[in-house]
Amino acid sequence: MKIEYEDTFVKVAGLIGGQDYVRVARALLNNENATDEEIASATGLKIKTVRKALYYLFGRSLITGVRVRDPKRGWFVYRWKAQRDQTDGFIQTQRKKVLNRLKQRLDYEETHEFYHCGTPTCQTRTFEDAMESFFKCPTCSKPLNRLNNAELKSALKWKVGQLEEELAK
């Protein structure tokens, strides 16, 4: 699914939470310092859904909230504002996390041998697991054969290189 939106903030919100988050993000961009009730009214979403999206985006520092007293009711409400300048930082942080995970996976793939019985529903086993079961699949009892993971390692190295290049810019 290819997602095209007019703003990076909206695109990130869409990747995080889908269409509901896109509607909330667009409402925030159209109406700065809006309350959750105003956003719910503008988007047509339930207040519970809007609050969930707002708290999630707030937790990732993509929006800010200021607590103010509602003059009509006397209650405290939050006025939400998008922090578009934080979007690039959020993306960089996510890239670094993905890069670390890919490096860990590549290290795991390079330091282990893997075995598989050939049955698609059975698990791939490490050398240690295969040895414990005498190189027979514990699920289907077929013999376990060594798996060539060179293609996966190559793909992981390519992606790690690509992300390192993007982070270096």
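**Helices and sheets**

Guide: Helices α5 and α7 pack with their axes 9 Å apart and at an angle of about 150 degrees; axes are lines fitted to C-alpha atoms, for helices over the stretch in contact, and angles run from 0 to 180 degrees between N-to-C directions. This is a predicted model, in which local features need pLDDT of at least 70 and side-chain atom pairs count only at pLDDT 80 or more, while totals for chains, interfaces and linings use all residues. Residues are numbered from 1 along each chain as its sequence is written, and side-chain values use heavy atoms, with hydrogens and water left out.

Visitor: What makes α5 and α7 roughly antiparallel to each other?

Guide: Angles under 35 degrees count as roughly parallel, over 145 as roughly antiparallel, 65 to 115 as roughly perpendicular and the rest as oblique. The angle here is about 150 degrees, and the two helices are therefore roughly antiparallel.

Visitor: Which residues make the contact between α5 and α7?

Guide: Contact means heavy atoms within 4.5 Å. Among the residues involved are Leu99, Leu102 and Leu106 of α5, together with Leu156, Val160 and Leu163 of α7. Leu99, Leu102 and Leu106 also belong to the buried residues of α5, where buried means under 20% relative accessible area, with a 1.4 Å probe and protein chains only. The buried residues of α5 pack against α1 (8-17) and β4 (114-116) as well as α7 (150-168).

Visitor: How do you know that the span of α5 agrees with its number of residues?

Guide: The expected span is 1.5 Å times one less than the number of residues. For the 25 residues of α5 (residues 87-111) this gives 36 Å, and the end C-alpha atoms are 36 Å apart, so the two agree. Helices are DSSP runs of H or I with at least four residues, and strands are runs of E with at least two, numbered from the N terminus.

Visitor: Why are β1 and β2 said to stand at the edges?

Guide: The open sheet has the order β1-β3-β2 with antiparallel pairing, and two strands pair if DSSP finds at least two bridges between them. Each of β1 (34-35) and β2 (63-69) has a single partner strand, so one side of each is left without a neighbour in the sheet. Seven bridges join β2 to β3 (residues 76-82), and Val68 stands opposite Val77 in β3.

Visitor: What makes β4 and β6 a pair?

Guide: Three bridges join them, against the required at least two. The strands run antiparallel, with Tyr115 opposite Arg146 in β6.

Notes
Buried < 20%, exposed > 50% of the residue type's maximum accessible area, 1.4 Å probe, protein only.
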